[in-house]
Amino acid sequence: MVRCDKKFDLNAQVQSKAEIILNTALNDDELIANIIEERTLEISKNPENETVIIVGHGPINDEDDKKWLSDMANLSQGLQKHGFQNILVATMRDDAPKEVNTRASKELRELVENSNKSGFDTIVVPLFLAKSV
């Protein structure tokens, strides 16, 4: 674990001779879509009888969450050709205030329960782009 006790001025300009290139976030990048498809197919046994739920971390803000869910839906499009019964997306929103996180957890639980009540097997595919601890 790396620990740093120094406080940094986040508004300070970076002084460097190196070329610094900023790129967009991964959002709905094709590479991520391919990873999701590959991981889902590794788990799947019978797509016609399975619901896939892709679950991401999610932001704090509701408007941002709508954008995340839209990007996640775009990422899931490659799964459609495999004949899954349903392909759904959800976010956990762990860093959001308790009431937002509780609502997101309830929505995810309901997705899984509804899938199970419908008689389908449920595959939950995590979409977290950081190493788990």
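Biologist: What volume does the largest pocket have?
Modeller: The largest pocket has a volume of about 280 Å³. A pocket here is an open set of points on a 1 Å grid over the protein atoms alone, where a 1.4 Å probe fits, with protein on both sides within 12 Å along at least five of seven lines, and lining residues have an atom within 4 Å of a point.

Biologist: Which residues are the closest to its centre?
Modeller: Of the 14 residues lining the largest pocket, Leu26, Asn27, Trp68, Leu127 and Leu129 are the closest to its centre. Helix H2 gives the most to that lining, with five residues, a helix being a DSSP run (H or I) of at least four residues and a strand (E) one of at least two, numbered from the N terminus.

Biologist: And what is the confidence like?
Modeller: This is a predicted model, in which local features need pLDDT of at least 70 and side-chain atom pairs count only at pLDDT 80 or more, while totals for chains, interfaces and linings use all residues. Residues are numbered from 1 along each chain as its sequence is written, and side-chain values use heavy atoms, with hydrogens and water left out. The protein averages a pLDDT of 89, and 90% of the residues score at least 70, where pLDDT is the predictor's confidence in each residue, from 0 to 100.

Biologist: Changing topic, how many salt bridges are there?
Modeller: The whole structure holds six salt bridges, each defined as a side-chain nitrogen of Lys or Arg within 4 Å of a carboxyl oxygen of Asp or Glu. One of them joins the side chains of Arg93 and Asp62, at 2.9 Å from N to O. Because Arg93 lies in the loop between strand E2 (86–91) and helix H3 (98–117) and Asp62 in helix H2, the pair ties together parts that are 31 residues apart in sequence.

Biologist: Is Arg93 buried or exposed?
Modeller: Arg93 is buried, at 3% relative accessibility, whereas Asp62 is partly exposed at 39%; buried means under 20% relative accessible area, exposed over 50%, and partly exposed in between (1.4 Å probe, protein chains only).

Biologist: What else does Arg93 pair with?
Modeller: Asp65 also forms a salt bridge with Arg93, with the closest N and O atoms 3.5 Å apart. Asp62, Asp65, Arg93 and Arg103 are linked in a network of salt bridges.

Biologist: How far apart are Glu63 and Lys66 in helix H2?
Modeller: They are three residues apart, so about one helical turn separates Glu63 from Lys66, and their salt bridge has its closest N and O atoms 3.2 Å apart.

Key:
Points joined across faces, edges and corners; volume = space filled by probe spheres on them.
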